[in-house]
Amino acid sequence: MKRNKWLILMALTLVLSMFLAACGGSKDEEKPTADGDDKDKDAATEEKKHAKDEDGEPDAEQVLYLSERAAIPSVDSSIVEDQVGFNVLNNINEGLYRLNQDNIAEPAMAAEEAKVSEDGLTYTFKLRDAMWADETPVTANDFVYAWQRAIDPATGSPYGPFMMSGVVKNATAISEEKMEISELGVKAVDEKTFEVTLERPVPYFLSLMSFGTFYPLKEEFVASKADAFATNSDSLLSNGPFVLTKWDGTGDSWTYVKNEHYWDAENVKLNEIHVNVVKDPATAVKLYQDGKLDRAEMSGDLAQQYRDDEEAVVQPETSVFYFKFNQERDGKETPLANVNIRKAIAKAFEKQDMADVVLANGSLPANFLVPTNFAFDENEKDFRELSGDHLEYNVEEAQDHWKKGLEELGVESLDLEILGGDTEASKKMDEYFKAQLEGNLEGLTISLKEVPFSVRLDLDGNQDYDIQVSGWGPDFQDPISFMDLFVTDGTNNLMSYSNPEYDKLIEDSKGDLALKPEERYEAFAKAEKILLDEDAAIAPIYQRGLIFLHKPYFKGLVDHPFGADYSYKWAYISGK
Amino acid sequence: MVKYIGKRIVYMFITLFLIATASFFLMQTLPGSPIASYNKLNDTQKAIVEKKYGIDKPKPVQYAIYMKNLAKGDLGTSFVFKGKSVNDLLATRLKPSLILGAQAMVFGTIVGILLGMLAALKHNTFWDYGSTFFAILGISIPSFVFASLLQYWIASEWHLLPVGLWNDGWKSSVLPSLALAMGPLALSARFIRTEMIEVLNSDYIILAKAKGANGFEIAFKHAFRNALIPLITVLGPLAAGLVTGSLVVEQIFAIPGIGEQFVSSIMTNDHATIMGTTLLFSAFLILIIFIVDILYGVIDPRIRVSGGKG
């Protein structure tokens, strides 16, 4: 009997040690802290970004293995609304312009730069001699058809009206069924000349041309497939660097194969890219280490664990996250309608520690709405240099505002709710906010509400929250992509913020100042100051970064700050 | 028997109908819209898209349309996988889950039964304690922990089998099946052991022994058969759960199964897919309960399946 007990004990110890070893990962790495050393490490990691012009002769075998976090819901350019769909579109199709390796929109299906009329309202594009994968030419009519299809209410496109309304002539009226589709401001002057008439001058119009919704579609092909169009790889037609194969429409894997009929095929080095959906980041990392993936995204604890790994790379993004302060709930003013309360909260939490320790994924603390390294003025100066910092962390100022705010409201304490996501990272972040805000603002009690994204959208839509952790990633390269969110009654405002002066500046940027780039950027800087410093309508938190494990032989990947995430066009394998 | 089976089949359809009705109306209470870009659309656009998907109609009308289509075997169109039918979606994703579930069930049950029998026959010995310990581990440790351990040791460290993904033929299915098998294995071992110990101590076994029946005969012909009844009762619903997929294990091994799809459809408010998956799960469960009832009669002829007063 005694011996049996010992055996059981030994077996139990063995099982427990196996379990703990597995949880601990393969390396004995120190957990990062917020001290100076780690900031240095951060800087070193930043430098490990994959270079775009790395040397190295391409290997004979050009096959890449990648993963995505979700399956492809659709690759119909009129219907696509998710990141994976836009990624696929960007690699198998091509619009008039494509973002190059420096993320500047350059002519792609267009043979040369567009001719723009003096009033900035008419754009004429000459098309290059490019072919669809079925060896028929890409024509101006393919663009006319695609754009009309995207704005046609019957198509039910989410992005067509969103991107074209107020931009392309008559788009708004057509999307509201008040005008015929044929009235859209697009025309095929001849087979190779495509003309667009705009509603108003749009300074960022050419950067829109690289966005999936504006890609061409061959009418004959789409019609021949009818409802089956773009529902699997056999019902798709490419005009881009790759052709999509082995995609059954609902499955978790697909393959890109080099498109030999692409106009720039000689610059496409990869022959095949095999993609699998891997939803669990820990599995992605294991697959990476096992040589089954050439790149793996990390988050949370994994990012902390591996961020000093030799193969870890940081990819800064242009999504900015912020607190939305809801000023009206159930038809009544909330305490957040008080500007001092908003300012107090906006300045009462340390952002650097949050980015370095809580997120630990290469994210940057944000004292702005328009992200850094995103929008540049005529002299290629970052908009951030022009506009500076706003609502920086400052406990003393926060406490002064808090005191003043409470006096104005005639109360001694406040209970507020933070609405956030239900992921581990979100929960960790919310806990941090609660500790910081309650610690720095006496009399404040924060309750946390952590719900799935669809529920959050619903609560947002009904303005049923106090403070919400919200974020925005741009669809095109212009500060307006962010600034437009907070105009009075804007579809994303949903917090009863209204400032006529702000509205006027944004309206001017679309009207009088549209063709005056310098003054336009000044107007944006002024508007950002009003939104943040004066009104504290929102409180910026961080600009997101991502950490990947990236094989050193995988070179030339281009990541984009807006629209699709990646271009594989210039990627190649060297030294595997 | 035929009458009984006919009656059961009618009941099965009624049950499914009630489940469909309940889940349809419950689903309507989910907050948020099934249209992902809802906040990007203006009011006219919202109205147009809602009309396109038929969600502009009053709920009872939507229900009537859904049930009419369901009667034809049409589960509708997914809101997330644009233009794709839920039937197709379930068909592609069911196969991996079915393979894993079936393998786990067969392997888990057979090994579990053998372990349980060994424990019972070698009562109060090392074998008994070993198998009991194993069963306790299997019951108390969730399958995703086994999945992580198997993945770490067998795949990552020893490179004997793939770490994950569903592209390596039968090899891809071994580790996830093993992880899933721990549940039924432990359960079978425990049930068979307990039941057999009880049966082995009963008078008729003592009589059989006295008559000179050998150990093998006693174990399989007499004791095992009696121990099977309670086992089948618990294994039935477990089989339905396994076959229709296990969310976490599928996620850990990056397998495109149905369990994972079910949860993501709830998260994205993909109404048609939620309904389709719920009905599929329910149909499996109902069918398995039916099969279990039939099996009772086969295993123990004293249990009559003809129902009524018999």
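How much area is buried between chain A and chain B, and what percentage of it do carbon and sulfur atoms give? The buried area is about 4500 Å², and carbon and sulfur atoms account for 62% of that figure. In chain A, the residues that lose the most area to chain B are A:Glu81, A:Thr250 and A:Lys286, which together make up 13% of what that side buries. Please keep in mind from the outset that this is a predicted model.

In terms of residues, 57 from chain A are in contact with 47 from chain B. As for specific interactions, 3 salt bridges are found across the interface of chain A and chain B. A salt bridge joins B:Glu260 to A:Lys279, with the closest N and O atoms 2.8 Å apart. Polar contacts between chain A and chain B come to 11 residue pairs, counted where both residues have a pLDDT of 80 or more.

Which elements of chain A each supply at least two residues of the side that touches chain B? They are helix 1 (2–24), helix 5 (159–164), strand 10 (272–277), helix 9 (281–289) and helix 16 (453–461) of chain A. Helix 1 of chain A gives the most to that side, with 10 residues. Sorted by class, the side of chain A that touches chain B holds 28 nonpolar, 17 polar and 12 charged residues.

I turn next to confidence. The predictor assigns the complex an ipTM of 0.86 and a pTM of 0.86. Chain A has a mean pLDDT of 88, with 91% of its residues reaching 70 or more. Helix 1 of chain A, the element that gives the most residues to the side touching chain B, spans residues 2–24. For chain B the average pLDDT is 85, and 96% of the residues score at least 70. Among the elements of chain B, helix 3 (residues 59–71) has the highest mean pLDDT, at 92, and helix 9 (residues 215–243) the lowest, at 77.

Let me now describe each chain in turn. The secondary structure of chain A consists of 19 helices and 23 strands. Its C-alpha atoms fill a box of roughly 80 × 75 × 45 Å along the principal axes. Why does the radius of gyration of chain A agree with that of a compact globule? A compact globule of 576 residues would have a radius of gyration near 25 Å, and chain A has 26 Å, so the two agree.

Over all chains, the salt bridges number 28. One within chain A pairs the side chains of A:Arg329 and A:Asp466, at 3.0 Å from N to O. This pair links distant parts of the chain, 137 residues apart: A:Arg329 belongs to strand 13 (residues 328–329) of chain A, while A:Asp466 sits in the loop between helix 16 and strand 18 (467–472) of chain A.

Chain B contains 12 helices and 0 strands. The C-alpha atoms of chain B fill a box of roughly 85 × 60 × 30 Å along the principal axes.

Finally, a word on backbone geometry. Where in chain A does A:Leu494 lie? A:Leu494 is found in the loop between helix 17 (480–483) and helix 18 (500–510) of chain A, and it has a positive phi of about 40 degrees although it is not a glycine. In chain B, B:His159 also is not a glycine, yet has a positive phi of about 55 degrees. B:His159 is placed in the loop between helix 6 (143–157) and helix 7 (171–200) of chain B.

Methods
Residues numbered from 1 in each chain as written. Chains lettered and ligands numbered in written order. Heavy atoms only, no water. Contact = heavy atoms within 4.5 Å. Buried area = accessible area lost by both parts, 1.4 Å probe. Salt bridge = Lys/Arg side-chain N within 4 Å of Asp/Glu carboxyl O. Polar contact = N/O pair within 3.5 Å; in protein donor to acceptor, adjacent residues only side chain to side chain. Helix = DSSP H or I, 4+ residues; strand = E, 2+ residues; numbered from the N terminus. Nonpolar A, V, L, I, M, F, W, Y, C, P; charged D, E, K, R; others polar. pLDDT = per-residue confidence, 0-100. Rg over C-alpha atoms; globule rule 2.2 N^0.38 Å.
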